[in-house]
Each structure stands twice: as C-alpha cells, then as structure tokens.
Amino acid sequence: MTLLVVGLSHRSAPVSLLERAALQEDTRGKLLRDAVGAVSAVVEGAAVAEAAVLSTCNRIELYAEVDRFHAGVSQLSALLARHSGVPLDELQPYLYVHFEDRAVAHLFTVACGLDSMVVGEGQILGQIKSALAHAQDEHTAGRLLNELFQQALRVGKRAHSETGIDRAGQSLVTFGLQQLAAGRDVPEWLRGKRALVIGAGSMSSLAAATLARTGVAELVIANRTLDRAERLAAALGQEGLKARAVPINAISVAAELALADLVVSCTGAAGLVLTADAVADASAHAPWARKGEDLAVLDLAMPRDVDAGVHRLPGVRLVDIESLAAASADAPMAADVDTVRQLVADEAAALAAARRAAHITPTVVALRAMASDVVSAELARLHGRLPDLDEKERGEITRTVRRVVDKLLHAPTVRVKELAGEPGGDQYAAALRQLFDLEPRTVAAVRNPEQERS
C-alpha cells in the first residue's frame with residue numbers, strides 16, 4: 001500500500017479556481033465515503049484503504065492509502081473533480097501529487113505553516129485536527145492516517161513552541177487587518193470602531209475574538225443560525241465588549257452594514273453574501289462616509305463572500321484572499337523558517353525510518369514463528385525415536401535446541417531491522433521472504449490477524 005496525497009493550493013492554482021473547487025462540509029463527507037467505499041468497485045481503479053481530506057480557504061488535499069500509485073492518482077484526481085464540480089481537464093493542470101516520504105514531508109510542512117499563504121500562521125493546526133476528526137467520524141482514517149496526522153500535529157506544535165516561526169507571519173485575520181490598516185497601528189486603528197462579523201464558524205470566531213482583543217468599540221455577529229451567533233456574542237461580551245447577534249438576512253445585514261466601520265466575512269455560503277450593490281446602497285448614510293473614512297471589508301471566505309466589484313466602489317477598501325496572497329508574497333521571511341525546514345526534514349526522515357522498520361516486523365515475526373514450528377516438529381520426531389529419555393533429559397534437549405535457533409536468528413533479525421530503517425530497507429523484507437521461503441499469506445496474517453481470520 002502507498003501513502004498518496006493529491007491536491008491543489010494557492011501555490012499551484014489561481015484563487016478563482018480554488019473558489020470554484022471549494023468543498024462544503026457535507027461534500028467532504030461524501031468524498032471520503034466514495035474514496036474508501038466505491039473506489040474498489042471501479043474496474044481498473046485503485047483500492048483505497050484510508051482517506052482524509054484537508055480543505056481550507058487556500059488548499060484542498062485528499063490523503064489516502066492506495067494499493068497502486070498510478071491508478072490511485074487517477075482515481076483521487078477524478079474524485080476531487082467530481083465532488084468539487086470542476087471538470088477534470090480544468091482541474092488536472094493545477095493538481096500536485098506527493099507519495100510516501102514526500103507526502104509525509106508535505107503534511108509536516110503544511111502543519112508548521114511553511115506552506116500557508118501567510119508563513120507561520122497557526123490556524124492550520126486546528127484545520128488538520130478537524131480533518132482528522134472528520135475522517136475518524138466517517139471511519140475512513142485507519143492506523144496509517146491516524147499516525148500521520150497525529151505526528152503532523154506534534155511537529156506543528158514543536159515548530160511553534162521551539163522556534164520563532166510565529167514571527168515570520170501572522171494568521172490570515174491579523175495579516176488582513178494589517179493590510180486594511182495600511183501601515184497604522186492596528187489596535188489604534190480599530191479603537192472606537194463598530195465591526196460587523198458575518199459568520200460564526202471557526203474563522204469568523206477567530207476574527208471576532210481578534211477584534212475584541214484589539215479594541216473595537218462594538219461587535220455585531222451575523223449568522224444563519226442565530227443561537228450560535230448569540231453564544232459567540234455572549235462569550236465576547238463577558239470581556240466588557242458591547243456585542244450582539246443578528247440573523248443573516250437582507251434586511252438585518254443591510255441595516256448593520258450601514259452602521260459598521262469594518263466588516264469581516266467568512267461563511268460557508270455557496271454564493272455571494274455581500275454584493276457590490278448592497279455595499280453601495282448602505283454607504284449613503286454610513287458612518288465611514290460621514291467621518292471621511294473608507295469602509296474596511298475583510299473577506300476570508302473561499303469561495304468569496306464579497307463581490308469582487310466592491311474593489312471599484314469609492315470609499316470602500318476590500319481585502320480578500322486574492323489580495324492577501326499578493327501581499328504575503330512580499331512579506332519578510334524570518335530566519336526561523338530555515339530552522340523549521342530542518343525540523344520538518346528531521347521529523348519526516350524519522351517517521352519514514354520508523355515506517356520502514358515496522359514494515360519488516362511481520363516478516364521477522366513470521367520467520368521466528370516458522371523456526372519455532374520447525375523446532376517443535378523436530379523435537380517431536382526426536383522424542384518419538386528416543387522414547388526412553390526421561391523428563392529432565394527431554395527438557396534439557398528442548399532448551400538447548402531452542403537456544404541454538406534463537407542465537408542463530410538473533411544477529412540477522414536485529415541487523416535486518418536496523419537496515420530496514422534506511423532508504424530501500426523494504427528490500428530486506430523481500431529478501432528474507434525469498435531466502436526462507438515464507439509464504440506471503442503467512443506474513444499477511446501477522447500484519448492483519450483480524451482480516452485473515454474473517
């Protein structure tokens with residue numbers, strides 16, 4: 001079986017394509033179920049033992065354990081195209097593929113924030129954790145992906161706790177606010193402002209908490225599920241902030257938009273939440289117009305919540321994922337980035353060595369079991385030919401023969417485990433099976449005893 005990742009991100013595809021390919025939460029579940037369930041039934045398809053999908057505002061990646069590389073790439077690419085709604089011929093030029101050790105290194109790089117739009121942002125750790133939890137809920141994450149994602153989370157936490165990678169960049173929320181502030185001190189720029197946050201999911205909640213912490217005077221949370229917005233507003237209001245909740249509908253959003261100085265939107269909506277006409281209509285009596293200031297709009301959604309036409313409206317400053325990508329390309333890199341890259345390389349190499357060593361363990365166990373069976377058979381034959389031996393003599397012969405076999409096997413089995421941790425180490429397992437004529441079914445029974453018994 002092969003570890004494989006097929007995906008696209010802000011580094012490989014234009015934002016417009018990422019918007020079209022964005023996966024809704026229910027679509028991710030269908031993708032996982034199709035990957036593990038229906039794929040094995042496809043003629044010439046690849047059997048997929050495990051699958052997990054990492055879907056964020058700037059990446060969509062499908063991780064899987066497949067039995068064949070080329071068929072696996074074709075199958076996973078087709079699944080991404082089908083569930084994203086983007087035709088495969090449009091999607092394929094922007095897809096990247098990593099397998100085995102490179103797939104491990106890629107996920108570790110993502111977990112550390114090195115592959116993020118804003119280098120060093122820590123929100124990706126929560127998104128990886130959610131991706132694993134979703135795969136577990138769908139029963140598509142087995143031993144391989146559970147171990148891989150748990151290791152990625154550990155490596156990401158190490159990067160943030162042991163290095164200064166956080167200084168290389170900020171979260172998308174903070175970075176977006178810095179772009180809107182245009183060089184001014186963000187807390188000073190936010191002081192006294194009214195903010196409207198549209199959405200109450202993880203990114204919107206992070207934005208609301210950031211705004212509350214950095215000094216807005218009033219915060220309004222608009223969400224389709226009012227209860228969720230009320231809970232978030234109540235939690236933020238405990239800190240002394242004036243916070244309230246409203247439902248998302250044309251009337252309430254328009255009314256709040258006309259009162260706001262700053263709007264942050266990040267929903268899972270398939271269409272636009274704020275059109276250019278809606279923003280233009282609200283600007284007639286808006287406070288930013290009265291103060292001679294621009295309305296600040298931060299769109300963190302993928303696909304976008306705010307009409308790109310808002311960029312052309314006078315008195316409005318819009319920062320969205322596309323403009324964030326352009327701005328972050330020129331952001332200064334911290335020296336700690338090199339340290340984190342080395343950390344990723346070391347951790348990926350250690351996991352790869354451990355996986356290679358684990359791969360040979362079933363072969364070693366099967367070899368020792370075969371040796372034990374041979375010893376038992378020969379001792380039984382010996383006892384049959386020498387029936388006059390007493391129990392003490394039989395016991396001494398048994399211990400001696402087993403000791404000899406153990407000593408003969410000890411050095412080669414220890415050494416082969418050490419060699420298995422090196423690149424190409426899987427060849428030693430094949431050599432052992434060939435030299436000792438071990439049946440593949442015997443080794444498979446050691447690796448998957450439950451499967452063999454069923």
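**Figure 1. Helix H6 supplies the largest share of the lining of the largest pocket, six residues.** The model shown is predicted. The pocket holds about 1200 Å³ of space. Its lining has 36 residues, and those closest to the centre are Glu25, Arg28, Gly201, Ser202 and Gly268. Besides H6, helix H2 (25-38), strand S2 (48-56) and helix H10 (202-213) each contribute at least two lining residues. By class, the lining of the largest pocket is made up of 17 nonpolar, 15 polar and four charged residues.

**Figure 2. The largest cavity has a volume of about 70 Å³.** Two cavities of 30 Å³ or more turn up in a search of the whole structure. Lining the largest cavity are Thr56, Cys57, Asn58, Arg59, Ser116, Glu121, Gln123, Ile124, Gln127, Leu172 and Met203. H6 again gives the largest share, here three residues. Four residues of this lining are nonpolar, five are polar and two are charged.

Figure 3. Helix H1 (15-21) and helix H15 (321-328) each provide at least two of the lining residues. The lining of the second largest cavity counts five charged and three nonpolar residues, and no polar ones.

**Figure 4. His139 sits in the loop between helix H6 (123-137) and helix H7 (143-162).** The phi angle of His139 is positive, about 60°, although this residue is not a glycine. Most residues other than glycine have a negative phi. His139 has a relative accessibility of 71% and therefore counts as exposed, the cut-off being over 50%.

**Figure 5. Ala182 lies in the loop between helix H8 (172-181) and helix H9 (186-190).** Ala182 is not a glycine, yet it has a positive phi of about 55°. With a relative accessible area of 55%, Ala182 is exposed.

**Figure 6. Leu313 is placed in the loop between strand S9 (295-299) and strand S10 (316-320).** Leaving aside residues up to four places away in sequence, Leu313 touches Ala276, Val279 and Ala280. Leu313 and Ala276 are 37 residues apart along the chain, and their C-alpha atoms are separated by 7.7 Å.

Technical notes. Residues numbered from 1 in each chain as written. Predicted model: local features only at pLDDT ≥ 70, side-chain atom pairs only at ≥ 80, totals over all residues. Heavy atoms only, no water. Helix = DSSP H or I, 4+ residues; strand = E, 2+ residues; numbered from the N terminus. Buried < 20%, exposed > 50% of the residue type's maximum accessible area, 1.4 Å probe, protein only. Contact = heavy atoms within 4.5 Å. 1 Å grid on protein atoms, 1.4 Å probe; cavity = no way out; pocket = protein on both sides within 12 Å on 5 of 7 lines; lining within 4 Å. Points joined across faces, edges and corners; volume = space filled by probe spheres on them. Nonpolar A, V, L, I, M, F, W, Y, C, P; charged D, E, K, R; others polar.
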